[in-house]
Every structure is written in structure tokens, then in C-alpha cells.
Amino acid sequence: MPGMADERFSRSVIYLCAHSAEGAMGIIVNKPAADLNMPDLLVQLDIIGQDDAIRLPSRIGHMPVLMGGPVEASRGFVLHSPDFHIDQSTLLIDDGICLTATIEILRAIAVGKGPASAVLALGYAGWQAGQLESEIQANGWLHCPADPDLIFNSALETKYDRALRGIGIEPAMLSATAGHA
């Protein structure tokens, strides 16, 4: 919501990966990681050499690296299409969305054998038991159905407005003040 006081979450679109009585975990899918791109990251992780970075397929070279959230910000999480699976590592979250958090998926992506659609996020957003529910009740968050196009589309700057419009809300009509009828 517009009144979100925590700047890390201002205008964030978060894909909720897990939600239970113990808490919740999600990945911010619309905020790029500062000064980091996929070719540079693959070089830093010694997955490819510096000279190989310029030879990456365009799709991989332009794959966004996202700031997934403030928790474990140095750990990578790949949200991806279900056409790729690593035994014991890939979790099917929903019908078109999987999560893998191992370096093997980055190796597969680098050689063109990874999933058809993917985004890499560093870190995640986490909530303790009951915290997310309290924040929603206090009008801190809106929720919408998961949409693979919203998650995997590379137009990061439009995701927030598209998510709102997807639930029938015109972004310009939102107010930072809220109340209960």
C-alpha cells in the first residue's frame, strides 16, 4: 500500500512462496539488485569466465537480478517455470512457478539448459507467525492471484501498477491513509 513506511517494501510486488502457522516467506519480484547483472554474477561465482560473459545468449544476459528481500541478502533464489527440476532442490510452489536455491540452476542457465522462464533474487522477505496477517489487517498489503507473467516479465518498473490493475485498482486512486468501515 502507498503508506508502507519501510522503504525496502515501498511499491513492492512480492510472490508469496510459503505461508503457514509458523510464518511466511516471499520474494520481491520488481526491484533490481543495485549494480548487479546476471553476467557479472555468473563471473563472480566462477560459473563462467570473464571472456564468456559476452557470449551468453541475450536472454540470459538480460535476465534480471532482483533484490528479493532483506533476509539472507547474499543467498540466491531462482523462481522459474516448471520445465526445469533438480531432485531434492526444486520446490513446486504453484502451477507455473517453482523455486530452486542451489548454484546448479545457475550453471544450467549459463549453458542454456535452464528453465524457459526465470528470475534470480538475492534474499527474501520473511514474516514471523501472525505478522503478515496483522500487516494485511492493518491495510499494509494488498494481495492478488499469482501470475507467472507478472513474475517473469522483465518490465520491472510496471509490475506494481500491473498487479494493482489486475485486481481492479487504479494506482493513482490509492491513498496513503486507510480506515475500516
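Trainee: Before I start clicking around, what's a salt bridge?
Mentor: A salt bridge is a side-chain nitrogen of Lys or Arg within 4 Å of a carboxyl oxygen of Asp or Glu. Keep in mind that the model here is predicted.

Trainee: Okay, how many salt bridges does a search of the whole structure find?
Mentor: The search turns up 5 salt bridges.

Trainee: Which residue does D161 pair with?
Mentor: D161 pairs with R11, and their closest N and O atoms are 3.4 Å apart. That pair links distant parts of the chain, 150 residues apart. D161 sits in helix α6 (residues 159-166), while R11 is in the segment before β1 (14-20).

Trainee: And what's the relative accessible area of R11?
Mentor: For R11 the value is 41%, so R11 is partly exposed.

Trainee: Switching to E104, which residue does its side chain meet in a salt bridge?
Mentor: R107, with 3.9 Å from N to O.

Trainee: Where do E104 and R107 sit?
Mentor: Both are in helix α3 (residues 103-110). Because they are 3 residues apart there, about one helical turn separates them.

Trainee: How accessible are those two?
Mentor: E104 has a relative accessible area of 39%, which makes it partly exposed. R107 counts as partly exposed too, at 43%.

Trainee: Last one: what's the N to O distance for R75 and E72?
Mentor: That salt bridge comes in at 3.6 Å. R75 is partly exposed at 37% relative accessibility, and E72 is partly exposed at 40%.

Definitions and conventions:
Residues are numbered from 1 along each chain as its sequence is written. This is a predicted model: local features need pLDDT of at least 70, side-chain atom pairs count only at pLDDT 80 or more; totals for chains, interfaces and linings use all residues. Side-chain values use heavy atoms; hydrogens and water are left out. Helices (H or I, at least four residues) and strands (E, at least two) are DSSP runs, numbered from the N terminus. Buried means under 20% relative accessible area, exposed over 50%, partly exposed in between (1.4 Å probe, protein chains only).
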